Amino acid sequence: MSISRNLPISGLSTHIKGVLSAITAVTIVLASLLIAPGAFAAPAGAPEPRPVDGQPKTHHHYEPGEIPGIERPTSRDGVMESRALHPAGDIKVTLVRAQLSGDIGGYTSVSIPKAKQAINVADDYWSDMSNGRISIEVEKTRKNFKTAARAGWNYWDIMDQITKELGWKYAPGKALVVFVPQNLLSGNAYGAGWTTDGVSGRILMPRPSSSSLSDTVLTHEFGHLFGLGHANALTCSNGESDTADYSGCWVREYGDTTDLMGTSQQYRPTISASFWDIAGFGSGRDIRNIGVASGSKTYTLLPWGGEKAYRALKFTDPVSKEKYYLELRQPVDQDGYLSTYTEKLNRGVKITQAPWTASGLLPSSIILEPNTKPFQGHYSSEHAWQQGSTFKTHAGTKVKINNVASGSAKITITAPGAQTPKGPFTDVNADTKFQQQILWAYNNKITEGYDDGTFRPYEPINRDAMAAFLYRLAGEPRYTPPSTSPFTDYGTGGQFYKEIAWLKKAGITTGWKVGENTYEYRPAEPINRDAMAAFLYRLAGKPAYVPPATSPFTDYPTSAKFYKEVAWLEEMNITEGWEVGKNEYEYRALEPINRDAMVAFLWRFDKQF
């Protein structure tokens, strides 16, 4: 939806043309054009992003063709999303503390430990974002490099002179970081950077600040090195949250302050799901892509700062074909700063897009806020959508925020023209919590309900019906049950004998041993939640899994009989448990599981497998 702008600066050498953007008050630049955006649909005439008036700035320069044989991908045919670059590798930094000509002792005001600390912070952050694939470390240090460059020169002339004197050249995985003894660079810039095709770049920085700001802004600039542009915000005079033609709207550069690539600050927020997706960060299983929205369906989001699989969601509007990303922002890991009172409206569901970007520019993201009217200052305190609110795309798709809690959020996506689903059960309607999942189970012939037309969602499910559900979920595999029942309490003429015998044959249940080679199944007993976890784990084929040393549930210890199975169920987002406190959950293992919750578990299981 946006295009980064080019700002001409007089006096630049011919090889550093193409200033991409003026950064906000707390940014310095080290950037790279590693990737090109995929085919992200956007309204025609998307305006170039612009910063707010009067904000301090820095500049980024793109120098193409500096590494022979390396060209920046320029495909805009959709291949980008499918091939997911997954940034990886070791970035080797040459760190230089420059002594400017005519300023004999000034260089000592640049703290080498603080400069290295900023690089270490960037290393920790991007290692976290890349699932451990990226590392950044200082390879060489020049603590007192005497240069002919003078303090009164423009910053680009200073950097050109130092680069020439060092004999430094662009190379894959190489970065040059130079600190000079100045509070700000020329033009009141907080820093300046140069990049080329591939993972390589240069950065000129003033002396590190006494706060953690230098740590954050350097981390931000390494984001450019890995192919990310800026996190911007849609801004409209009427406050509308989406637009088809940008009439009365503009794109505020760095306007998403809950993204590291937005306005830099003391904290280092997690990059948005839109950036995560187009650049291939994480494990590859962090965002669930549901494709083109259809009907009316409910989904669960988990804290984006965490590590759970499929914790965010991506959908395509069926009319505009634009892509939207939904994520839950809560104070987890890098987003711990959200725990403060002033950030309370930045906790909730965040909605972004990764718009089409012109060739030669870094891909950006745009946040779509509940109120897009211009906010004062550099930081917004109202980025997230709260419980009960509804986002509507300009083409008519609705996203209702049903529930927001510290550990999860429920959202319902309704495509234009979708009707409220109606089902075959007289006791299941729009007010039924798991209506969608119950209808899914019916449509997939997992359940037929009772002869009187009811489903009885709030009744416990018995072990015989559970066997039937699992057998049908498995696709009703061809199976001839034995002529003698494996269980003494369930005869071959029982309603679900085939299904129960199959469960035993498949190793999903063993029953209770009541004598020598004698077992009971106890079909009429409700199935408890711990046994249900064991059944699903075995149905999945007993996947290799090492449970965490600390239980995710306060009421289920690591020594419990089915701890591995219960922890696996939580890890796979098949169960959430009950929230009983801040980041505290109970599983309630010995409680019978109701029929509605059972089909919800099966629905989530089916999505995973």
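Tutor: Start with Glu 322, which sits in the loop between strand S12 (312-316) and strand S13 (323-329). Keep in mind that this is a predicted model.

Student: Why is Glu 322 called buried?

Tutor: Its relative accessibility is 2%. Buried means under 20%. So Glu 322 counts as buried.

Student: How far is Glu 322 from Pro 355, in sequence and in space?

Tutor: They are 33 residues apart in sequence. From C-alpha to C-alpha, they are 8.3 Å apart in space.

Student: What makes Arg 202 and Asp 160 a salt bridge?

Tutor: Their closest N and O atoms are 3.9 Å apart. The cut-off is within 4 Å, so the pair qualifies. Both Arg 202 and Asp 160 are buried.

Student: Why is this pair said to tie parts together?

Tutor: Look at where the two residues lie. Arg 202 is in strand S7 (residues 200-206), and Asp 160 is in helix H3 (residues 155-166). Those parts are 42 residues apart in sequence, so the pair ties them together.

Student: What about Asp 335 and Arg 329: how do you know that they form a salt bridge?

Tutor: The closest N and O atoms are 3.5 Å apart. That is within 4 Å, so the pair counts. Asp 335 has a relative accessible area of 0%, so it is buried. Arg 329 has 1%, so it is buried too.

Student: Why does Asp 530 have no salt bridge?

Tutor: Asp 530 belongs to helix H9 (residues 529-539). The nearest side chain of opposite charge is Lys 561, 7.4 Å away. Beyond its neighbours within four places in sequence, its contacts include Tyr 556, Phe 562 and Tyr 587.

Student: Which residues have the most contacts inside the largest nonpolar core?

Tutor: Met 532 and Leu 536, in a core of 84 residues. Leu 536 touches Leu 470, Trp 568 and Phe 601, among others, leaving out residues up to four places away in sequence. A second, separate core has 39 residues, including Val 93 and Ile 287. In soluble globular proteins, nonpolar side chains tend to be buried together.

Student: What makes S11 and S16 edge strands?

Tutor: The open sheet has 4 strands, in the order S11-S18-S17-S16, with antiparallel pairing. Strand S11 (296-301) and strand S16 (390-392) each have a single partner strand, so one side of each lacks a neighbour in the sheet. From one strand to the next, the twist averages 20°.

Student: How do you know that S17 and S18 are paired?

Tutor: Pairing needs at least two bridges. Strand S17 (residues 398-404) and strand S18 (residues 409-414) are joined by 6 bridges, so they pair. They run antiparallel. Val 404 stands opposite Ala 409 in S18.

Notes:
Residues numbered from 1 in each chain as written. Predicted model: local features only at pLDDT ≥ 70, side-chain atom pairs only at ≥ 80, totals over all residues. Heavy atoms only, no water. Helix = DSSP H or I, 4+ residues; strand = E, 2+ residues; numbered from the N terminus. Axes fitted to C-alpha atoms, helices over the stretch in contact; angles between N-to-C directions. Core = buried A, V, L, I, M, F, W, Y, C linked by side-chain atoms within 4.5 Å. Buried < 20%, exposed > 50% of the residue type's maximum accessible area, 1.4 Å probe, protein only. Contact = heavy atoms within 4.5 Å. Lys, Arg positive; Asp, Glu negative; His and termini not counted.
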